[in-house]
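Subject: Structure handover

Hello,

Here is the structure I promised.

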Amino acid sequence: MIALALASALAAAAEVPAPLKPFLEAKDKDGTPILSPQDRAKLDQMPEHTRQLVATAIDNVILGSPRHLKILLSLDLPNPAMEMVLQDNCILCHSDPGNQKPKNLFSPDPAKQGSNPLLNLREFTSDVHFRRGLSCSGCHGGTPHDEAMVKEIAERWPKEEERHKDRSWIPNFCARCHADPGFMRGFNPTLPTDQLAKYRGSTHGILLLQQKDSRAAQCASCHGVHDIRGPKNRTSRVFAQRIPETCGTCHANAQYMAGLKIESGEPIPTSQLAEFKTSVHGKALLEKGDLNAPSCAGCHGSHSGLPKTAASVAQVCRTCHANNGQLFDGSPHKAAFEQHKWSECTQCHGKHAIAKPTDALVGNQPGTLCADCHTKFAKDNPTCAATSAHFRAELDKLATGRAQAAPQVDLLAERGLDVEPLTRALTELDEGLVQTRSSIHAFNLVTFDKAAKPGAEALDNAHKSIAAAQGDYRFRKRGLLAAIGFMSLLALGIGLKVRDIERRRRS
Amino acid sequence: MSAQPRKGLFGWLDRRYDLAPILAFMQHKEVPLGAHPMFWYYLGGLTLFFFSVQIATGILLLVYYQVGDQTSYESIHFITTKVPFGWLVRSIHCWSAHLMILCLVLHMLSTMMLKAYRQPRELTWLTGFSLFGLALCFGFSGYLLPWNELAFFATAVGTDMVKAVPWIGHTLLEVLRGGPDVSGNTLYRFFALHVVVLPLIVGAVIAIHLIFIQKQGMAPPIGHTVTRGMKFFPDFALRDGLLWLICLILLATLAVFLPYGPGIPGIEWELGKKANPLAPAYPGIKPEWYFLWVYQLLKEFPPHILGMEGSQAALLVATVLFGVWALLPFLDRRAAREEPSPIFTDLGAAALLFVAFLTMKAWDIGGGGGPQPDAHAVARTCAIFVLVAGLAATALRRIVWKHTWFLFTAAELLHVALHGLVGMSYLAAGAIGFVAAAVGVVLTGARAQRTAAAGDRS
């Protein structure tokens, strides 16, 4: 059996299709084989029918040289992908450096080859479309079996100078498939097909499709060309953590954005990306890796990207901060903000540079947000001043109490005391603090005091737990002292007895 | 005139069991007094005292402890937080365990240095040595019982060493763990070992050890003729009791003020997190202090050496050292002839320096305290400490006790200096130290033979 298996393995290894043999034997000018032992091993590990496809491509002279084969092997493609490449004349022809000018050459390393950076063969063979079986002809026309450029390829797209000048053809081009639910169902039934409809109504869409401003982002601006990945792929330009940089490609480029204005007529700022990186959301997303934190698209939307109106901003924030929004809706500030046409949340917290809110924002002292705003817009309101002072006093009481109690956990634990009740109380206090801070958005004393009560109780429990543990420790020390006293007396007695015996023995 | 029959309980027992010979033995039993400090005679009793504390506190812990991977951690947590004085019992149990091992080691070192193992007390030494081994087993098996993270990983590392035993290593490992990995099965068998098997064996061996001591008495120093002694009852026993009482005060004080140990790796027993077999082992796991030198020795060996695995070679070295230590009474022929044996005194001093250097390195002394201590800085700092201590001890031995043999100590100090100060690898430096000691022994032997021959001729 073993001998048979060995013999058949040897026979399989020896079976090299005839057209492949010259490639295997081809040598460089210095006499070294062009296909290395590693390349040979890759060929050996291919299934027979894949190896046969290599031979057929060589036979058809479309796999033109050993160097060309070496390039394809260097992609380390899985067998099904390699089979797709070997049966696609577009890829085979455009990846042969002996057959293409750099301008049209697909290369695993365009920078090294001096070819078009968009024609990255390695990226293309990882593209989400290629992985679903859609290759060059899917977009460019023709078929994978065409042996020359067919007329349809030239006709499907606008002329080169036109298509670079006016990019408005791109959304409709992609939508040929992506807006067709019947077609898309065959590839990804869960993928929405309303991107074009949304895009048409978006600021980008209006700018590009109506105003014919080709600076506006279209599909390829965000998703790429031959290296498109799904949004859950970490290498994708539209992966949550990469979205800020993708948007920033244009929106952080002052030169590129020059002349573009917001509704009020002011120029569009280009500081959003830098501000976002310093914000609580930016830090959560980019530094902590919290993918639940919003990127640009989290607030502005993706295909339906619009600048926010005063009302819509508040609704966007409520998507995550629903409780705070609800409290604000019932607060006296709601009407006042509407009167001023302020956009609720951003008025106090800012927009792209939202910092982690602190208790220092609250209070009736100059420098606090409450006092500064009221001094300007709602002067001489003693009730508001007293309310904000009360908020601050209560918050300080809880936060200071928390800060003072927390170190006791380690201190008491080191002494071997039971710190579980204290730890539990501190956890409840933390939750209480969150609720108390959130309740400020109601700007109402009763609501605030109700929310602050569990925190205050937890703090009280923490103090009691500390007192109980300290009492226990005092009891231990006193008990030890008593035990030492008793044992010392006993030791003294024994010592006296020993001395007495010694004295008697000497006498 | 015949003696008056005793009254009371003693008389009642005496009439039935003839206690008079025992009483007579106790009345005549004496502890030798001489030129050496009496302190060394108390260490055995002190070890027994700590062992008794272990038995008493162990029984108390058993009242609430429930073995099992779902209950061990929880029950220990309950004992230390909810059971009245549970924290005290556990803390005393842990402190007493460490102090027992410390006293046991000191007792063995004093016995070794005073050559009390010599003929006719070879079996007393061997039973004592067995008790030392059993105490280490006690420590190792008890370490896992809280089923916390530290215990779990330390046991995983410790039991893994068994694999190094040639041929049967893997089988032994499975027997020890009750499977391929540390699990609830390991916990059950370690519990059985700790509370049933080891106490029974230790009880029996202690009984034999004590019978030997009572039969032969305590050993006087070499060349010392016993002219007088201290009555064991009540003189020595009262002093013993006094020391035990002081140690009890010390134990209680330590248990109250340092309930989880001094916080030094290898001497700490804070419960921490529950063991999670699926969690990755975290760096810096160290065994208890008395295993630290073996742990460090394992680290000093490369993965493969001389056709063996590094761990096998390290364990071979440790086994040879333990073997030499166990067989001292049979190797030290001069002591058996009641002659001073400076070679073995020096061997003991060198062994102490060897163990001290490895233990200090395992503690990363001088490494800066970070998660990745600087190995060279650790070796240098530890070497400086050991060299200073070694030279001071050598000077003391020369000046106070008039010792003349320092070859092994010198070889070990050379080993330490080459590794710590010159930067040579531990093993290469050790090999040079070993060769230097061997050459020294040969040259000294040759010189002694020449001197003897010259004496014969003259």
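Predicted model: local features only at pLDDT ≥ 70, side-chain atom pairs only at ≥ 80, totals over all residues.

The crossing is right-handed.

Which residues of α3(B) and α10(B) make the contact? From α3(B) come B:Tyr42, B:Gly45, B:Leu46, B:Phe49 and B:Val53. From α10(B) come B:Asp240, B:Leu243, B:Trp244, B:Cys247 and B:Leu251. By class, that contact has eight nonpolar residues, one polar and one charged.

Helix α10 of chain B has another point to check. B:Pro234 is found in this helix. The peptide bond from B:Phe233 to B:Pro234 is cis, with omega near 0°.

A cis bond also turns up in a loop of chain B. It runs from B:Gln119 to B:Pro120, with omega near 15°. B:Pro120 lies between α5 (86-113) and α6 (122-144) of chain B. B:Lys115 is found in the loop between α5 and α6 as well. Its phi is near 60°, a positive value in a residue other than glycine.

Now chain B as a whole. It has 18 helices and four strands. How does its radius of gyration compare with the globule rule? The value is 25 Å, close to the 23 Å that the rule gives for 458 residues, so chain B is as compact as a globular protein of that length. Its C-alpha trace spans about 80 × 80 × 45 Å along the principal axes. The mean pLDDT of chain B is 92, and 98% of its residues reach 70 or more.

On to chain A. It has 31 helices and zero strands. Its radius of gyration is 37 Å, well over the 23 Å that the globule rule gives for 507 residues, so chain A is more spread out than a compact globule. Along the principal axes, its C-alpha atoms fill a box of roughly 115 × 95 × 40 Å.

One helix pair in chain A deserves a look. Helix α29 (residues 382-414) packs with α31(A) at an angle of about 25°, and their axes are 10 Å apart. Angles under 35 degrees count as roughly parallel, and α29(A) and α31(A) are therefore roughly parallel to each other. The crossing is left-handed. On the α29(A) side, the contact residues include A:Phe391, A:Leu398, A:Gly401 and A:Ala405. On the α31(A) side, they include A:Phe448, A:Gly455, A:Leu459 and A:Ile466. The residues of this contact divide into twelve nonpolar, five polar and one charged.

Last, the interface. How many residues of each chain are in contact with the other? There are 17 from chain A and 18 from chain B. Helix α31 of chain A (residues 445-506) supplies the largest share of the chain A side, 13 residues. That side of chain A divides into nine nonpolar, two polar and six charged residues. The predictor gives the complex an ipTM of 0.85 and a pTM of 0.75.

Best wishes

How values were computed. Residues numbered from 1 in each chain as written. Chains lettered and ligands numbered in written order. Contact = placed C-beta atoms within 7 Å. Helix = DSSP H or I, 4+ residues; strand = E, 2+ residues; numbered from the N terminus. Nonpolar A, V, L, I, M, F, W, Y, C, P; charged D, E, K, R; others polar. pLDDT = per-residue confidence, 0-100. Left-handed = near helix turned anticlockwise from the far one by under 90°. Rg over C-alpha atoms; globule rule 2.2 N^0.38 Å. Axes fitted to C-alpha atoms, helices over the stretch in contact; angles between N-to-C directions. Parallel < 35°, antiparallel > 145°, perpendicular 65-115°, else oblique.
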